[in-house]
Amino acid sequence: MNLALHSVSYAGVWPGQERLSLEEFIPRAAALGFKGVMLVAKRPHLSLLDYPSHLPEKRQALRALLAEHDLSVHSLAGYNDFTVGPERPDVPFWEHQIVYIAELAALARDLACPAIRIFTGYNRDGLSYDAGWTSVVTGLQEAARLAADFGVILTVQNHHDIAVDYESMYQLLSEVDHPNCRAAFDAWSPAVQGLHGDELAAAVRRMAPFTAYTTVADYVALPRYRYEPALVNYVEEPARMLGVPLGEGLIDYGTFFDTLIETGYTGTVAYEMCSSLRDGGSLDSLDAYARQFQDYMAPYVAKANAGVAAATAR
């Protein structure tokens with residue numbers, strides 16, 4: 001089992017979060033003790049606009065910087081949506097998604113990166129669920145075939161609306177039916193859906209044949225209410241999720257990692273700070289969260305690697 005730090009954590013995405021350039025993030029990740037990184041494949045980090053295929057020297061320089069700091073790129077973080085644009089059928093939005101992923105596959109190859117994290121699609125007014133589902137399946141099939149040409153796998157994260165439930169994700173990937181299309185199965189969405197303990201373990205076991213990557217973060221739920229003057233009362237609204245150090249939030253990571261190891265998972269566990277944080281977004285805060293992630297994961301990494309060693313010895 002390997003650990004990686006997701007560069008989105010230092011991309012300044014959320015209010016008050018410090019922003020580092022990609023060239024600043026890489027030495028910082030190494031200084032924190034990481035051997036692997038996951039890189040945001042858009043600005044302000046690894047955008048195809050800034051690292052295009054016709055400027056191979058930029059990609060070579062980035063690979064040299066990574067080597068200088070003894071870092072490997074475990075995954076690129078792609079940002080796609082296979083259901084975008086149904087209101088404008090004259091514009092080939094669906095094709096745009098596939099071209100973007102194919103270009104990322106070439107970039108991944110040039111960085112000796114084995115995988116690209118991607119998404120499915122959102123539910124949209126005017127697009128039936130079945131039509132959205134079909135668009136995602138065919139998009140993943142096309143993208144996976146192209147990624148295979150570059151020796152790269154796609155890992156589909158269970159975050160967007162289509163197939164966010166683990167049974168739906170299992171069905172989706174079964175229909176895609178391509179060895180280069182796997183799952184980046186995370187514990188966050190099952191936790192929001194109320195899965196803990198035995199239910200979460202069942203989800204991990206169900207997804208095990210597909211799971212090739214996982215990204216973790218932890219949250220507390222802050223209740224929200226809206227005042228209704230006519231009722232002289234408050235109406236409950238969806239809770240706000242606030243990031244906290246791994247192990248201090250609502251997600252049952254003990255069960256998640258124990259079951260991953262039970263199923264033989266030996267891939268990457270990436271850490272991201274992709275929300276507002278309870279302790280703010282200063283560099284000191286971000287670094288402290290990244291270190292706590294490593295401390296929390298240490299016994300699980302040891303357990304997983306011991307299992308691999310025992311299996312090899314047999």
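Reader: Which residues touch the most other members of the largest nonpolar core?

Author: Quick heads-up: this is a predicted model, where local features need pLDDT of at least 70 and side-chain atom pairs count only at pLDDT 80 or more, while totals for chains, interfaces and linings use all residues. Residues are numbered from 1 along each chain as its sequence is written, and side-chain values use heavy atoms, with hydrogens and water left out. A nonpolar core is a set of buried Ala, Val, Leu, Ile, Met, Phe, Trp, Tyr and Cys residues joined through side-chain atoms within 4.5 Å, where buried means under 20% relative accessible area, exposed over 50% and partly exposed in between (1.4 Å probe, protein chains only). Out of the 92 residues in the largest core, the ones touching the most other members are Leu76 and Met297.

Reader: Which helix gives the most residues to this core?

Author: Helices (H or I, at least four residues) and strands (E, at least two) are DSSP runs, numbered from the N terminus. The top giver spans residues 283-313 and supplies eight residues. That's helix H9.

Reader: Which residues does leucine 76 touch?

Author: Contact means heavy atoms within 4.5 Å. Residues up to four places away in sequence aren't counted here. With those set aside, leucine 76 touches Leu39, Leu46, Leu104, Leu107, Ala108, Leu111, Cys113, Ala115, Ile116 and Arg117.

Reader: Is histidine 6 buried or exposed?

Author: Histidine 6 sits in strand E1, residues 2-6. Beyond its neighbours within four places in sequence, histidine 6 is in contact with Phe25, Met38, Val40, Ala77, Tyr79, Arg117, Thr215, Tyr271 and Glu272. Its relative accessible area is 1%, so histidine 6 counts as buried.

Reader: How are H1 and H2 oriented relative to each other?

Author: The axes of H1 and H2 come within 9 Å and cross at roughly 20°. Axes are lines fitted to C-alpha atoms, for helices over the stretch in contact, and angles run from 0 to 180 degrees between N-to-C directions. Angles under 35 degrees count as roughly parallel, over 145 as roughly antiparallel, 65 to 115 as roughly perpendicular and the rest as oblique. So H1 and H2 are roughly parallel.

Reader: What classes of residue make up the contact of H1 with H2?

Author: On the H1 side there are Leu22, Glu23 and Ile26, and on the H2 side Leu62, Leu65 and Leu66. Ala, Val, Leu, Ile, Met, Phe, Trp, Tyr, Cys and Pro count as nonpolar, Asp, Glu, Lys and Arg as charged, and the others, Gly among them, as polar. By class that gives no polar residues, five nonpolar and one charged.

Reader: What about H4 and H5, at what angle do they cross?

Author: H4 covers residues 129-149, and H5 covers residues 166-176. Their orientation is therefore oblique. Their axes come within 9 Å and cross at roughly 50°.

Reader: How many residues in the contact of H4 with H5 are charged?

Author: Trp133, Val136, Val137, Leu140 and Gln141 in H4 meet Ser168, Gln171, Leu172, Glu175 and Val176 in H5. Six of the contact residues are nonpolar and three are polar. The charged count is one.

Reader: Which peptide bond is cis, with omega near 15°?

Author: Look in the loop between strand E2 (36-40) and helix H2 (56-68), where proline 44 lies. The cis bond with omega near 15° runs from arginine 43 to proline 44.

Reader: Alanine 163 isn't a glycine, so what is its positive phi?

Author: Alanine 163 lies in the loop between strand E5 (153-157) and H5. At 0% relative accessibility, it is buried. Its phi is positive, at about 65°.

Reader: And valine 232, is it buried or exposed?

Author: Valine 232 is in the loop between strand E8 (218-228) and strand E9 (233-244). Phi is positive here too, near 50° in a residue other than glycine. With a relative accessible area of 64%, valine 232 is exposed.

Reader: How far are the C-alpha atoms of glutamine 17 and tyrosine 271 separated?

Author: Glutamine 17 is in the loop between E1 and helix H1 (22-31), and it is buried at 11% relative accessible area. Tyrosine 271 is 254 residues away along the chain. The C-alpha separation is 16 Å.

Reader: Which residues does alanine 221 touch?

Author: Alanine 221 is in strand E8, and at 37% relative accessibility it counts as partly exposed. Leaving out residues up to four places away in sequence, alanine 221 touches Ala239, Arg240, Met241 and Leu250.
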